[in-house]
Amino acid sequence: MTATATALDLGDIQGDILRAYGNAYGRTSYVFVTIRDPTGGRDWLRAIADRVMNAAPWPGAEKPSCAWNVAFSAPGLAALGVPERVLRTFSDEFLEGMELRAKVLGDTGSSSPEQWDGGLRHPHVLVTLNGLGERELEAALTELRTEVVRHGLEIAHEEHAHTLDGAREHFGFADGFAQPAIEGASDDRAEGGGVPLRAGRWRALAPGEFILGYPDEDTRVDPQGRLPSAPASPLGRNGTYMVWRKLRQDVALFRRTVAAAAARYAGGDERLLRAKVVGRWEDGAPLVSHPIDPGTFDATAPGANAFLYGDDEDGRRCPLGAHVRRSNPRDALGFEGRLSFRHRIIRRGMPYGEPLAEGVLEDDGADRGLVFVCFNASISRQFEGIQVQWLNDGNVFGLGHDTDWLLGGQNGGSMVVPGATGDDPPFYLAPQGPFVTTRGGDYLFVPGLTALGAIADGVTG
Amino acid sequence: MNATASLTTPTTATGTRPGNRDGYAIAITVFSTVKWWGRAALPVVFTVPKIAPQTISTLQRLSFIHFARWSLIREIPYNGAPQPEIKLRHPHLYFESNFNGGWEEYIDAFSHILTRGMWLFWGSSYGFPKALPTGPFKAYIKANEMEASHFYSAYPQATATQITRALELDELLADLRARAADMPPDEFAAAFGTLMAEAQRCC
């Protein structure tokens, strides 16, 4: 059996996994609901189940005014009556939850769970609402709040996010280019989004890397065609694991720090230094393919994202510690990318809070940042592998214990920007305070719609 | 603390048991029972890297692996009473290695980069599922792995890559130091700049 032989059951997979709503839906609300008793919780789930959006293509040009999706934490599943013997079939890291793994993830000091927003600790159910506009989103929120109260549940936290002008995040960079190409869903994005092969070719990743119950990259090389481990039936088919993190961004501190450093760098070229820190120019043009100037970069052009680091081993064009090179190293670890291709995630983040006005260097006290959302079949191998081994530690890249400079952290590492040519000395960015602080989050399970029905009916095993 | 966490066995951040860690250094110890033909085949396998060092050049390129060692255990050393004498009905393959980074990433490197080499070493062990796919191979290693009762690293705060780079930098610095005493300031500034350019991959 090969991965290509398997068609994805789009009618049963939740729609926010494979479809980037943010491209069409400008507003997203994340509503965390606390279950008080299993019966009330399941009644509520049954009441909203038919609103939950699947991944089937929308007929014609008509888009639903608001797309609903649902995910559960491990305590949330337990609170809805999923038996312990079924829970034991979920992954360890999901059962432990993000708070218990805070130290693993580097969520310490000002990012530690004691500092998180209260309602984001021990969440049960996350309802994600994507609205075409404010009016549509408000209508859905009103309906959701009414149903929650009617069934004796509580809303623990609401986070309202929206796209910023030019699809930028708060530091000013266009975001979300490097999505994985998935067989049966986005084969057309293989070039740059898939696995690099020889002679400039690429292939899409097996769907089981992102959706449970399907062949993954292991299955591809397994003569017996075994599927990856998944929760017990019916929960283990067409679902996935979701990582939800509220990341506060200190935009003023980032601007001040980069501006001060740029005064010492390459004739004061702040735009270039910002690009060196991220690995892409502000409009998304990759430094590897656009080392001097972004030019006129078109992210939608064929091959726009099809770059590798193999011929930039020393990081003269894109520093080894640049954020996008660390978080998706492609072939930067050598061996034609075989050490990194199993650590890919589908990212579905959305900024929250109003942008800090251009040019302002002092913090205005407003809360702004990114709701980081990703989907993967194995949180430990995929999300945690990236976060722990690549972003929080630099050893695998030859960067010692330097953490990702863009994210900082409690012991933010320095960053070396290599000189452009062999004779140019490197430029050192000193360790800095955390530009990004974790405000809360959890590991969640996104069931397929059949599995959602089983949870709502209390027949999970 | 959430209630569902009690259903798991916590590991460290690197995916291994606490006894296998000392700072950034991680130990892995695996015992496997060897089939009859491994008794003859493994000693031959062990001599290959000695005769042809290029056969392990790929392993050496994986700088996060300090070393990897396979030994054939034919008998349990007897140190006198009260230790019981144990006779092994089958020889055992003893694997030990130290590395930096995550347990999963370490085994992934064995699976994806050293695929054929893994068969040479473990192919004669009972239950070895081949190095690919990685899932069964990881399960096999996990099942045969033993947590270290004592593990010590001389430089727990450094990785092997850092130590290697530091030694490279030390050589460059020593060379500059030897030449610097007689240099005028301009020449020293130029030499220092050259050293910085040369050493920028050192950390």
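In this predicted model, chain B is divided into two domains, domain 1 spanning residues 11-144 and domain 2 spanning residues 160-198. The C-alpha centres of domain 1 and domain 2 of chain B are 40 Å apart.

Within chain B, four strands form an open sheet, arranged in the order β1-β2-β4-β3 with antiparallel pairing. In general, the strands of a sheet pair through backbone hydrogen bonds, in either a parallel or an antiparallel manner.

Attention now turns to chain A. Its secondary structure amounts to 14 helices and 13 strands. The radius of gyration of chain A is 22 Å, close to the 23 Å that the globule rule gives for 461 residues, so chain A is as compact as a globular protein of that length. Taken along the principal axes, the box filled by the C-alpha atoms of chain A is roughly 70 × 55 × 45 Å. Of the 461 residues in chain A, 56% are buried. Among contacts in chain A with a separation of 6 or more, 70% are between residues 24 or more positions apart.

The interior may be considered next. In soluble globular proteins, nonpolar side chains tend to be buried together. Here the largest nonpolar core has 152 residues, and those with the most contacts inside it are A:Trp68, A:Val127, A:Met242, A:Leu444 and A:Phe445. Strand β2 (residues 66-72) of chain A gives the most to this core, contributing six residues. The surroundings of A:Leu444 can be described individually: neighbours within four places in sequence aside, A:Leu444 is in contact with A:Ala71, A:Phe72, A:Ser73, A:Leu126, A:Met242 and A:Trp244.

Finally, the two chains meet in a contact that takes 42 residues from chain A and 32 residues from chain B. On the side of chain A that touches chain B, the elements giving two or more residues are α3 (74-79), α4 (84-87), α5 (92-100), α6 (102-105) and α13 (383-391) of chain A. The greatest contribution to that side comes from α5(A), with five residues. By class, the side of chain A that touches chain B has 18 nonpolar, 11 polar and 13 charged residues.

Conventions
Residues are numbered from 1 along each chain as its sequence is written. Chains are lettered from A and ligands numbered from 1 in the order in which they are written. This is a predicted model: local features need pLDDT of at least 70, side-chain atom pairs count only at pLDDT 80 or more; totals for chains, interfaces and linings use all residues. Domain bounds come from an automatic or database domain assignment. A nonpolar core is a set of buried Ala, Val, Leu, Ile, Met, Phe, Trp, Tyr and Cys residues joined through C-beta atoms within 7 Å. A residue is buried if 20 or more other C-beta atoms lie within 10 Å of its own, exposed if 12 or fewer, and partly exposed in between; C-beta atoms are placed from the backbone. Two residues are in contact if their C-beta atoms, placed from the backbone, lie within 7 Å. Ala, Val, Leu, Ile, Met, Phe, Trp, Tyr, Cys and Pro count as nonpolar, Asp, Glu, Lys and Arg as charged, and the others, Gly among them, as polar. Two strands pair if DSSP finds at least two bridges between them. The radius of gyration is taken over C-alpha atoms; the globule rule is 2.2 Å times the number of residues to the power 0.38.
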